[in-house]
Amino acid sequence: MRDTRGILGKLLNSIKNITYENYSIYIIKELCNSLGLKEVKLGRWTKKKRINEWIVNQEMENKEMEEYSYIVEPINDLDLLVQLGNGYYLGFVFIKTKDNIPVYNGFVNKNYIYVLISKSNKETIYYKIRDIFDEEKIENYLTEYYKEISSITSKHNIELTKMLNKDHITSYTLKSSSLILPLTNNHAIYFQDELKKERMKGVIEDSYRDLIKWERKNECIKSAKLLSE
């Protein structure tokens with residue numbers, strides 16, 4: 001049996017060593033491969049909702065993703081999905097910034113681990129979205145916001161099409177921005193020593209708490225199987 005706790009610790013420590021200069025898909029793959037994880041591909045019809053169910057429900061016997069494996073960029077909002085053991089998942093979003101504060105590209109998710117890679121600070125930290133937003137409100141708010149923006153954009157695109165010259169064969173479309181931009185660059189928000197340590201500690205505690213929950217779940221399933229024999 002593989003040392004899942006040991007792999008988890010090495011994974012979180014290795015992520016801190018990623019730098020602004022060397023970050024790439026290949027570095028992520030190399031990191032995962034060094035931990036003995038196998039790269040797999042996600043089925044083309046697997047949606048964001050399904051992946052979130054895997055993470056939240058610690059779904060076992062997943063036919064789309066084997067134990068101790070990883071997927072790079074499984075969906076637009078997620079850069080790395082890892083399964084350590086049968087049903088224990090971790091989702092990572094990597095954000096590179098030349099300054100010390102990130103730009104969020106679209107939806108945020110309370111179950112993902114956000115990794116901020118700073119060029120100016122020469123440091124990489126991680127945190128949960130609850131450290132920045134009210135996690136119970138932000139997802140619903142963004143869902144409603146993007147619905148409204150999409151509706152408005154669609155109406156304007158109809159009008160834009162009417163404005164094209166009849167002999168022009170290229171179509172054009174308006175696209176709404178999904179970026180969440182900072183109004184001020186407050187260094188202390190992310191890189192103040194005590195704050196970043198507290199947030200990173202929170203990620204570690206969450207990850208191991210979920211791991212213990214997963215271990216107990218596995219033990220219960222094994223015991224139930226033995227009793228049924």
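Predicted model: local features only at pLDDT ≥ 70, side-chain atom pairs only at ≥ 80, totals over all residues.

Tutor: Let's begin at the start of H4, where a side-chain oxygen of Asp134 comes to within 3.0 Å of the backbone nitrogen of Glu136. Residues are numbered from 1 along each chain as its sequence is written, and side-chain values use heavy atoms, with hydrogens and water left out.

Helices (H or I, at least four residues) and strands (E, at least two) are DSSP runs, numbered from the N terminus. H4 covers residues 135-162. From its first C-alpha to its last, H4 reaches 42 Å with its 28 residues, close to the 40 Å expected at 1.5 Å a residue. That expected span is 1.5 Å times one less than the number of residues.

Which residues of H4 are buried? They are Ile138, Leu142, Tyr146, Thr153 and Asn157. Buried means under 20% relative accessible area, exposed over 50%, and partly exposed in between (1.4 Å probe, protein chains only). These buried residues pack against strand S8 (179-180), where contact means heavy atoms within 4.5 Å.

Now the charged pairs. A salt bridge is a side-chain nitrogen of Lys or Arg within 4 Å of a carboxyl oxygen of Asp or Glu, and the structure holds 15 of them. One joins Lys147 and Glu144, with the closest N and O atoms 3.9 Å apart. Both sit in H4, three residues apart, which is about one turn of the helix. Lys147 is exposed at 52% relative accessibility, while Glu144 is partly exposed at 43%.

Elsewhere, the side chains of Lys38 and Glu66 meet in a salt bridge (3.5 Å, N to O). This pair links distant parts of the chain, 28 residues apart: Lys38 is in strand S1 (residues 38-39), and Glu66 is in the loop between helix H3 (48-57) and strand S2 (69-75). Lys38 is partly exposed at 46%, and so is Glu66 at 38%. Glu59 and Arg50 pair up too, at 2.5 Å, N to O. Finally, a network of salt bridges links Lys128, Arg130, Asp206 and Arg209.

Technical notes
Polar contact = N/O pair within 3.5 Å; in protein donor to acceptor, adjacent residues only side chain to side chain.
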